[in-house]
Amino acid sequence: MDKRKSLIKIKPKKFKNGEVVKVSFMVMHPMATGMSKDKKTKKIIPAKYINSVKFVYNGQEITNMTVWATLSTNPVFTTYMKINGKGKLTVTYTDNTGEVHEKTKKIKPKG
Amino acid sequence: MKRRDFFKKLGVAAAVAATVTPTMSFAKSKPVSKNHITIAASIDAVTGGKKPKTSSKVKLKVPEIAENGAVVPVTVTVDSPMTDSDYVKAIHIFASKNSNARAIDVNLTPANGKAMFSTRIKLGGTQEVVALVALSNGEFLIASQSVKVTIGGCG
Amino acid sequence: MKTGIKIALSLAMLSSLSFGGEQFAMSDADRAMYAEMLENNPADLMVANGEDLLAEYCGGDEGLAKFLKVSEDDLPAYIAGFPRYLPEFKQVVGLDQVLQGLMHKNGHKVFKLKSSDMFDMSAYAKSLANDEKSNIDINANKQMKAAYALGKQTYMTARGGRGLSCNSCHSEDIVGRVLRTQPLPDLGKNGVAVAATWPAYRMTKSSLRTLQRRFQGCMKNALLKVIPIGSPEMVALEVYLTSEAKGTPIAVPGLKR
């Protein structure tokens with residue numbers, strides 16, 4: 001497991017059961033296409049990009065994505081989710097070099 | 001940038017018109033680049049040859065003029081009840097002229113509650129961003145918007 | 001003769017600036033879209049990294065407040081007043097230089113001013129002042145007065161291959177004109193209030209940058225010799241522009257082209 005900085009954000013911050021909230025996952029990742037050159041060394045920067053993302057809420061996979069290097073560096077993945085009880089949301093990604101990253105956020109609906 | 005180019009670009013700035021036309025015609029018009037075939041083929045690969053329909057239910061939000069090509073916001077929202085019997089199965093995003101036309105495939109479930117996906121993509125130049133939507137009933141919807149990418153500024 | 005050519009060139013450049021501001025000014029819909037991106041500013045990750053760095057090397061918010069001899073409650077408003085003259089440093093300093101001092105005091109090898117670690121850490125430190133009104137006091141003492149004067153002078157001094165000064169492109173009369181497809185912004189409180197919205201994520205660089213770092217990029221493009229970050233002139237420029245943004249609530253990290 002790598003040590004990249006990542007964040008899971010939920011909007012609104014306070015929510016009830018049954019509410020549909022906006023959820024974003026953001027990570028510091030180069031999303032390098034493998035088609036650009038390093039300005040100093042003039043060498044091609046090897047491709048390194050997230051190629052799959054999964055959102056798992058209380059053990060159930062609610063969203064999965066196939067991703068290409070077209071996404072901007074330091075990507076964000078924003079969608080919605082229906083709050084269905086206390087628990088946790090885990091976002092996992094893999095990248096083309098085999099890197100795996102996992103981030104978890106506790107889900108605590110009020111009421 | 002060479003000094004000559006700098007002065008040339010000043011003249012160009014005034015002359016370029018910033019008109020934008022939402023267009024679905026990329027499939028029918030002449031190929032403008034090698035990649036032009038790629039996007040139509042990519043869409044066909046997803047739909048299995050089925051013709052996607054344009055629909056006001058799909059809202060594709062991208063800037064008319066992107067300040068830079070490295071970080072272009074894209075949001076796709078689909079009007080759907082997201083119930084077990086009627087939901088958006090997937091949102092596919094394409095960039096018509098990038099060397100790789102595919103950006104992302106987002107597979108949704110009713111647990112998402114709302115059919116929406118938002119991210120930021122890289123655009124190599126002015127082109128169309130396309131959203132292809134797969135519904136649970138097997139139908140495909142499509143929306144497309146042209147984005148003018150300006151490559152300018154100082155530094 | 002050389003000076004004559006320099007001046008002629010800068011006049012030619014200025015007169016060929018187009019007033020096509022409307023074509024390249026952002027539409028309201030586009031502006032709203034870019035504003036929405038602030039919700040998930042990639043720089044939030046760098047600021048989070050900065051928080052970790054401040055904790056590790058400077059004792060966190062508590063350590064910083066102690067070093068600056070203010071209470072943690074007063075820290076946000078105090079930070080909103082930087083750059084400041086600090087007697088211990090014997091000069092007017094920016095937040096980044098203060099952090100170097102604190103790192104050194106804690107026995108650590110200091111981050112270079114032009115490093116991403118320093119950009120991240122100073123962005124976090126400045127974010128403690130978010131929502132506080134920028135309250136720099138250019139009359140606080142003679143050193144601040146001198147820094148303001150030096151900053152204004154640096155801003156107005158024409159130099160480099162095209163005989164340009166900061167003011168050549170950023171004066172009130174030029175604001176709105178289009179240069180290289182981008183309308184030139186008002187850097188003060190009536191416009192972008194740069195000092196309140198930097199450090200910021202620069203989309204074209206996909207990284208978090210500080211204001212002085214941005215000055216360097218601008219200088220390079222205008223063919224002016226780049227001044228080192230943390231030098232008296234750079235700090236003075238920051239003092240001058242921060243004063244121009246005085247009263248604006250601080251909102252970092254920003255999001256810029």
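Me: How many Å does helix α4 of chain C reach from its first C-alpha to its last?
Reply: The model is a predicted one, and what follows is computed from it. Helix α4 of chain C covers residues 43-58, which is 16 residues. At 1.5 Å a residue a span of 22 Å is expected, and the helix comes close to that value with a reach of 21 Å.

Me: Which residue follows α4(C), with a positive phi?
Reply: The helix takes in residues 43-58, and several of its residues are buried, including C:V47, C:L53, C:L54, C:Y57 and C:C58. The residue that comes after α4(C) has a phi near 80°, and that residue is C:G59.

Me: Are α4(C) and α8(C) roughly parallel or roughly perpendicular to each other?
Reply: Helix α8 of chain C, residues 116-127, packs against α4(C) with the two axes 7 Å apart and at an angle of about 90°. Angles of 65 to 115 degrees count as roughly perpendicular. The two helices α4(C) and α8(C) are therefore roughly perpendicular.

Me: How many nonpolar residues are in the contact of α4(C) with α8(C)?
Reply: From α4(C) the contact draws on residues including C:M46, C:V47, C:L53 and C:L54, while α8(C) contributes, among them, C:M121, C:A123 and C:Y124. By class, the contact of these two helices has 3 charged residues, 3 polar ones, and a nonpolar part that numbers 9.

Me: Which strands are at the edges of the open sheet in chain C?
Reply: This sheet has 3 strands in the order β6-β5-β7 with mixed pairing, and its neighbouring strands are turned by 35° against each other on average, direction ignored. Strand β5(C), residues 200-202, runs antiparallel to β6(C) and is joined to it by 3 bridges, with C:R202 having C:S207 as its bridge partner. The strands that pair on one side only are β6 (207-209) and β7 (254-256) of chain C.

Me: What percentage of the residues of chain A count as buried?
Reply: Chain A has 7 strands and 0 helices, and its C-alpha atoms fill a box of roughly 55 × 20 × 20 Å along the principal axes. Among its contacts with a separation of 6 or more, 55% join residues 24 or more positions apart. A residue counts as buried if 20 or more other C-beta atoms lie within 10 Å of its own. For the 111 residues of chain A, the buried share is 32%.

Me: How many charged residues are on the side of chain A that touches chain B?
Reply: The contact takes 25 residues from chain B and 23 residues from chain A, and β4 (60-67) and β5 (76-82) of chain A each supply at least two residues of the side of chain A that touches chain B. That side has 14 nonpolar and 8 polar residues, and the number of charged residues is 1.

Me: Which residue in β6(B) stands opposite A:V67?
Reply: Strand β4(A) pairs with strand β6 of chain B, residues 102-107, in the antiparallel sense over 4 bridges. In this β6(B), the residue opposite A:V67 is B:I104.

Me: Which residue in β7(B) is the bridge partner of B:V78?
Reply: Strand β7 of chain B, residues 115-121, has 7 of its 7 residues buried, with B:F117 and B:I121 among those on one side and B:M116, B:S118 and B:R120 on the other. The bridge partner of B:V78 in β7(B) is B:A115.

Technical notes: Residues numbered from 1 in each chain as written. Chains lettered and ligands numbered in written order. Predicted model: local features only at pLDDT ≥ 70, side-chain atom pairs only at ≥ 80, totals over all residues. Pairing = 2+ DSSP bridges. Axes fitted to C-alpha atoms, helices over the stretch in contact; angles between N-to-C directions. Expected span 1.5 Å × (residues − 1). Buried ≥ 20, exposed ≤ 12 C-beta atoms within 10 Å, placed from the backbone. Contact = placed C-beta atoms within 7 Å. Nonpolar A, V, L, I, M, F, W, Y, C, P; charged D, E, K, R; others polar. Parallel < 35°, antiparallel > 145°, perpendicular 65-115°, else oblique.
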